[in-house]
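Have the structure open in your viewer. This tour tells you what to select next and what is there.

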Amino acid sequence: MSAQPSLETFQKEILSAFENSSSLTELEDLRVKTFGKQGSLTGMLKSLGTLPPEERKERGQELNKLRQSLTQVFENRRDALAEAEMKTKLAQENVDITLTPQPDLTHGSLHPFTEAMWELTQILVHMGFDVAEGPDVETQENNFDALNIPAHHPARQDHDTFYLEDTDAEGQNLVLRTHTSPVQIRTLKNAKPPIRIIAPGRTYRCDSDATHTPNFHQVEGLWIEEGITMAHLKGCLAEMLRKFFKKPDLVVRMRPSYFPFTEPSAEIDIGCRWENGQLILGGSEDWLEILGCGMVHRCVLENCGVDPKKHQGFAFGFGVERMAMLKYGIPDLRAFYEGNPLWTQHYGFGASHAFSALDQ
Amino acid sequence: MKITSQWLKDYLDTSATPEEMAEVLTRQGLCVEDMENPATLLAPFKTVKVTKAEPHPDADRLKVCTVDTGEGITQVVCGGTNARTGIVAVLAKPGMTIPANQLTMKVAKIRGVESHGMLCSSGELGLGETDDGSIIELPANTPLGISVAEVFGIDDTTLDIEITPNRGDCLGAYGFARELAAGGLGALKTYTAKAVPAKIDESFPLSFDFPEDKKHACPLFTGRIIRGVKNGPSPQWLQNRLKAVGVRPISVLVDITNYLAYDLGRPMHAFDLSKLQGGLTLSLSKGGENFEALDGEIYKLPADAVIIRDEKKLQSLAGIMGGLHSAVEENTTDIFLESALFDPILIANAGRASGINSDSRYRFERGVDPELVIPALEKATAMILELCGGTAGPVTTLGRTPKPAERFAFNPELLKTLGGVETLSQRDVEVILDKLGFDPKAIEDQITIAPPSWRHDIDGPADIVEEILRVKGYDLIPEAELPPILENDHQNAPNILAPRRRQLSVRRALLGRGYAEAMGFSFMSDHDQVFFGEGVPVKNPISEDLNQLRTSLLPHLLKSAARAQAKGTAYGKLYEVGNVFHGSKPGEQSLCIAGILWGETPRHWQNSSPLPYADFFQSKADVLSLLSACGMKPEKVSLSREVPAWLHPGQGARYSLGPKNILGYSGVVHPQTADHYDIKGPVSIFELYLDQVPYPKNTTNAAFDLSPYPSIERDFAFVVDEAVESGKVLQAALKVDPKLSITGDIFDIYTGDKLESGKKSVAICLTFSNPEKTFEEAEIQTLLKKVQDAVEKTTGGVLRA
């Protein structure tokens, strides 16, 4: 009966050792010493077999209880120590969150012109236009004569044309196209109505000052189809402008004008106002001239072998840089062509916003 | 084109304000761009009387004037030569701004004497030019305290109107009046000339000398002699009107002919009769003649310009500018006054070739009203007799007024079918056409019209639609939806769509690679030729810097990078997508993408030395990424060292498909090129010819097919001659078994002590994957042997011990 007190002492000693262990390693040592193959508790359990059967059962129950309680204490202690050690370890792994990450060298930016051109063509393509193209170098025939602008026409002098030294088959100097309208001629000569095209592209004028660059871009539109009237032209352009400027209420005004290649001809203005020298689109307090258009002149159709008695339609053309300046609030045209990366980053579009036409 | 509202009222009975006029004109296609009334500016400048002018105690040229403003007495120090007691002058009070120099008046002490403003000269108020140092001196009976604008009768609004080239009829007040009347702003005062009776029976001999096929050069030439005139400055009202429309008054005779240009839109010319000999003959120039014009310049004439000669010499470039020799002068007493009609095309051609711009040319080019030739001559005669005295001879007429344009039928239905407007009645149409002078006659549902003599731009029913709609206002046109389109109605040509998509793809690729987009002009200079070849020359370049079409996008990028660098942008990436020109014919252009990357990555706490940024391999990575954006497998591209002069010969590559199809170049900029463009530090560039990269035929993806069996990874190191291109080692290894998927890369290049000299070690890591089964050990050994053999065969490399 001498085992009774020693079991209590044993339990106390082990418990105290578990509780006082200061690291997982120390605790692990204790575990092996207690529960391991050579452990003290294991030894006690092993010695059960040496007891007489009547004592064995009672002793066995006592020892089992003891093992359960010691295991519980051990596990609690182990979890506590593990958590404390994790805390200590993580505390040592602190980084200085105020430090900057490496500079991101993958952020490119799209020129605002490209974004504007993309948006405009997307809007028009969604309205039913196909895209057509023509060369930058043109014959005078395509750039002027076929468009009803003969050599002596006053409008021809307004074009500030760049001439090349080289000539066409007729001995006329080739020109850098002054507008995208020659694409109308190329299309009308080769396609059969109905024709619905836009021709985005680069155009040239021998003019350079604060508001002019020697080359710029236009989008030409041409829609030849039975029953097309000026009302379609107005509706088409109003829709395009409202979508582009993302202003469903934009006031669009059509005003008589003159182009040799359209009759009737019109200019489109959009309503705007000025606030502290700042232009704000909307309303109809003031007007901003934005593009030229009209019903294709019968001479143009005739020049391209299209019978004006059977076919009619509209054409329009506008400057893309100007649209971009208005939409994105860019004050200076010349900066478009300066190749300043900081400027592009400022006014341009990163990967997350580029090519966002028709996004709501 | 400028005109004033009062001038318009000479021909328009209206109570409309200038603002209302502007609104109607703009609505009708005559866009009013600006409006200005000088009276607004001059309103505060009022008449005063100098009651006493005494010498300044301290300055000889100054006077101390006591001035009666009508409201009180004030003191002004004045330097005007004519400042004296008793005159009526104009006072600028403290706080007022002088129009000519924008100086604001203040109370000041001038040499110790207080001055409360200034007595103005006409120059200071923009009323005329004086250089004699005198101040404005008004008649003694001028009331005090009234505005100088009122005294000079300049309370008149100038409208600046944009005139489209078809509206030659609106280059005079009369034309605008007709427009406003049609637009409902009052009634037109139809101009009918009163013939001035001849008081002397003297005509100047006139003759035509045109070849048979050029008779149209001058259909009608009229004129008359006026003797005994007195030239001199024009009366104030005439000067005011001319100045208001931007014409400098010269002398009354000249001013009257200029006045008619802006009044009836009729250019005219007055010759000094005493300088003419014999008579006037109209003919065409042969080309090369020297002509001394009245602006003092000598012009070389082109062929087929209409010229006017007397017996001795060339006296006028008809319809464009008179000659200096017979120009009217201050002391001219006898004149021959001309009013004529010239062919617009001949005038335009001669004007363009000679480079002379004049109000006369501007009007003749756009077409003047043939019916006004004689009425204008009569009006000018009457004005001359009234303002200069003298007696007029009879009107001599050569040629005749051309036949009016023929009537044609107009179907009002066109307003709907072309104009899209359904709301106009036939009555509306007739009223508008009548007011515009088209003399409409209704025959059942058709209307026939006669284009008026002043409208040369009307040649068909579409023009009539515009006439009616513009007077009614284009606001009448509704916004209609475009008709729906059937899917197979599209004519999208694949040769246009594919390149457009490609432009999008390559831009997207570079957006993710840190590039900012640039956009250059299509021009370059001789300076760029050095490295980029000769461009197509432009005949009339805007500047020497831009005198030829670009052959490459790189010059602009190099200049942009140099500029950015100079401004302190230490590192960056720029690209452009655009056309370059390889010939001067239409279509000899091709689409390129080019980029430049310069500088080093900034220092950073995580890496003390810069990361790779502007070296060859970055440019190679960009090119491969772009090729893959074009749908091309980079392994199909062959690289060579045959690079243009602008690339570093050892750090540049040519990318091609086979030996012929060159896709582009990339690499480090040649130091001489860098120097040429003033760029410092590491710079790499690339240029890809997007049209040369084939378009992928099949865009659908192969099925995703990842082997379910584990792959194996093995490292190898091969010792090869230093001259062997390392890529060949890898390429040989990757191709050993086409049935397997093999990927890998070079992870180390070593030369040094541990190797024989002239040798290098190329270490590669390969991953083998078999879609069909798990690798067995024996297979692996065979595979490794295969790699070893393949590399040895192609490069002579041996497995490093």
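Start between chain B and chain A: 35 residue pairs are in polar contact there, both residues at pLDDT 80 or more. A polar contact is a pair of N or O atoms within 3.5 Å; within protein, one must be able to donate a hydrogen and the other to accept it, and residues adjacent in sequence count only if both atoms are side-chain atoms.

Now select helix α14 (residues 494–511) of chain B. With 7 residues, α14 gives the most to the side of chain B that touches chain A. Helices are DSSP runs (H or I, at least four residues), numbered from the N terminus. Colour that side of chain B by class: 43 residues are nonpolar, 28 polar and 27 charged. Here Ala, Val, Leu, Ile, Met, Phe, Trp, Tyr, Cys and Pro count as nonpolar, Asp, Glu, Lys and Arg as charged, and the others, Gly among them, as polar.

This is a predicted model: local features need pLDDT of at least 70, side-chain atom pairs count only at pLDDT 80 or more, and totals for chains, interfaces and linings use all residues. Residues are numbered from 1 along each chain as written, chains are lettered from A and ligands numbered from 1 in written order, and side-chain values use heavy atoms, without hydrogens and water.

Next, pick A:R298 and B:D459. They form a salt bridge, with the closest N and O atoms 3.4 Å apart. The term means a side-chain nitrogen of Lys or Arg within 4 Å of a carboxyl oxygen of Asp or Glu. Between chain B and chain A the count is 4 salt bridges.

Finally, show both chains whole. In contact (heavy atoms within 4.5 Å) are 98 residues of chain B and 103 of chain A.

Conventions:
Helix = DSSP H or I, 4+ residues; strand = E, 2+ residues; numbered from the N terminus.
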